[in-house]
Amino acid sequence: MEWLTKAAKQHPRFAEKLGDLHAAANSLVKNITQALYWWEHAALLDGASSYNLSEKYRKGIILTKDINLSIQWTKQGAILGDERCMNQLAIANATGENIEKNEELAIFWWEKAALLNRDFAYKLGERFLSGNLVQKNEKKAVEWLQIAAKSGHVGAIQKLERLGIKLEK
């Protein structure tokens, strides 16, 4: 356990695993306080760990359900570059669920996520095309579908074909 603790201090993935070990129901060292300490340590350094912690709070997995803490860790993950956190934050801003509604901020986070992940680029294109949670904008829809298609997203390629739009090189 000593070597894992040393590794956890240096690397967020080890910290998250150490937290999991402390939380495991069949663990010899079960200690939720220690689990939370290591999960938070990891979440402060790594976007994916922030996402995992935000989900634990959002769904009430191991930890007591707490939407405010979920949003706090989602923001942290988005700042650290996790596209899933960016997407969750965008949805929260677009819907105003548990956070002040702000379409401009929603689009900001969706665009950041879309630049990191072709699936989010496709979904953003679809949102602009349909007007789902954003103002309908065919020009922006095509731009995001083009970005997704250029990276090989089959759905985006097919959508552009159905729209009669050629894939830009």
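Reply: Happy to! Let's start with one word: two residues are in contact when heavy atoms of theirs lie within 4.5 Å. Among contacts in this protein between residues at least 6 apart in sequence, 40% join residues at least 24 apart. Keep in mind that this is a predicted model.

Me: What kinds of elements does the protein have, and how many helices?

Reply: The protein has ten helices and zero strands. Read from the N terminus, the elements run α-α-α-α-α-α-α-α-α-α. Along the principal axes, the C-alpha atoms fill a box of roughly 60 × 35 × 25 Å.

Me: How much of the protein is buried?

Reply: Of the 169 residues, 42% are buried. The protein exposes about 9700 Å², and carbon and sulfur atoms supply 51% of that area.

Me: Why is E55 called buried?

Reply: Buried means under 20% relative accessible area. E55 has 10% relative accessibility, so E55 counts as buried.

Me: And what makes R58 partly exposed?

Reply: Partly exposed is the range between the buried limit of 20% and the exposed limit of 50%. R58 has a relative accessible area of 33%, which lies in that range, so R58 is partly exposed.

Me: How do you know that R58 forms a salt bridge with E55?

Reply: The rule asks for a side-chain nitrogen of Lys or Arg within 4 Å of a carboxyl oxygen of Asp or Glu. The closest N and O atoms of R58 and E55 are 2.8 Å apart, so the pair meets the rule. Both residues lie in helix 4 (residues 47-59), three residues apart, about one turn of the helix.

Me: What makes the pairing of E55 and K59 a salt bridge?

Reply: Here the N to O distance is 3.3 Å, which is within the 4 Å limit, so E55 and K59 form a salt bridge. These two are four residues apart in helix 4, again about one turn of the helix.

Me: Which salt bridge links distant parts of the chain?

Reply: One that does is between E126 and K159, whose closest N and O atoms are 3.4 Å apart. E126 sits in helix 8 (residues 118-130) and K159 in helix 10 (residues 154-162), 33 residues apart. E126 counts as partly exposed at 22% relative accessibility, while K159 counts as buried at 17%.

Me: Why does K56 have no salt bridge?

Reply: The nearest side chain of opposite charge, D20, is 4.2 Å away. Leaving aside neighbours within four places in sequence, K56 is in contact with D20, W39, I61 and L63.

Me: What makes V154 exposed?

Reply: Exposed means over 50% relative accessible area. V154 reaches 52%, so V154 counts as exposed. V154 is in helix 10.

Me: How would you class K140 by the same rule, and where does K140 lie?

Reply: K140 has 30% relative accessibility, which falls between 20% and 50%, so K140 counts as partly exposed. K140 lies in helix 9 (residues 138-150). From K140 to E126 it is 14 residues in sequence and 9.8 Å in space, C-alpha to C-alpha.

Me: How many charged side chains are there in the protein?

Reply: There are 24 positive and 20 negative side chains, and the centres of the two sets lie 3 Å apart.

Note on methods:
Residues numbered from 1 in each chain as written. Predicted model: local features only at pLDDT ≥ 70, side-chain atom pairs only at ≥ 80, totals over all residues. Heavy atoms only, no water. Buried < 20%, exposed > 50% of the residue type's maximum accessible area, 1.4 Å probe, protein only. Areas by Shrake-Rupley, 256 points an atom, 1.4 Å probe, with all protein chains shown as cover. Lys, Arg positive; Asp, Glu negative; His and termini not counted. Charge placed at Lys NZ, Arg CZ, Asp CG, Glu CD.
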